[in-house]
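Hello,

Here is the structure we talked about. Please have a look at it, then read the notes below.

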Amino acid sequence: MLVFCGSSPGGRAEYAEAAAALGGLIAARELELVYGGASVGLMGALADATLAAGGQVTGVIPNRLVEAEVAHAGLTDLRIVETMHERKALMAELSDAVIAMPGGTGTLDELFELFTWSQLGLHRMPLGLLNVADYWDPLLAFLEHAVAERFLRSEHLATLIVSREPDALLDELAAHKPQQLGKWLDRGQVPNTRSPASPNPGRM
């Protein structure tokens, strides 16, 4: 289970509480957490809760952030890479499903890369938004606007699984059945290519 979330705690206690709840549920369901490898913010809260509940946690972090002393020292497995691009690719390769929790531009970058890859047929992982304190509502409103302006297919927007509750979101991700959707609104489709981040069964 790949989780994107902020390296800051955010301005509401609910964010860290949701991260801890999600981590506990990931461990209870015997899933392996894959995340960005940091010990700070929501990332640290998520990893700590997963480990405390007996779960397995793999972190992927660029060497520059290790040197900045934000890497989590207590993970089951810490993978150190050179670049942010390598980090995102490896996290995707290790995972079968994705959750985005509240976060900033880094979280958005990670989420939208995989959302775009999904539209292009480059992976079949389900993508979920944990909508803590309605954090993602403005983003969802923007995406609805993109649909209305014909820059995004409504079918693609519908592939984002949104829930306010971590247990319900995990249930929906587990039940997900991928669909074959075209990317472009106004032209013929191009063939799918082989995924650069093929799902690894058992990781979720």
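A helix here is a DSSP run of H or I with at least four residues, and helices are numbered from the N terminus. Keep in mind that this is a predicted model.

Start with the cavity. A search of the whole structure turns up 1 cavity of 30 Å³ or more. The space in the largest cavity is about 30 Å³. Its lining consists of Phe4, Lys88, Glu110, Glu113 and Leu114. Helix α5, residues 105–119, contributes the most to that lining, with 3 residues. By type, the lining has 3 charged residues, 2 nonpolar and no polar.

β3 pairs with two strands, β2 and β4. Strand β2, residues 32–35, runs parallel to β3 and is joined to β3 by 4 bridges. Leu33 has Val57 in β3 as its bridge partner. Strand β4, residues 77–81, also runs parallel to β3, with 5 bridges between them. There, Thr58 stands opposite Asp77 of β4.

Helix α2, residues 41–52, forms a β-α-β unit with β2 and β3. Which hand does that unit have? The β-α-β unit is right-handed.

Best wishes

Conventions. Residues numbered from 1 in each chain as written. Predicted model: local features only at pLDDT ≥ 70, side-chain atom pairs only at ≥ 80, totals over all residues. Heavy atoms only, no water. Pairing = 2+ DSSP bridges. Right-handed = clockwise from strand over helix to strand, strands pointing away. 1 Å grid on protein atoms, 1.4 Å probe; cavity = no way out; pocket = protein on both sides within 12 Å on 5 of 7 lines; lining within 4 Å. Points joined across faces, edges and corners; volume = space filled by probe spheres on them. Nonpolar A, V, L, I, M, F, W, Y, C, P; charged D, E, K, R; others polar.
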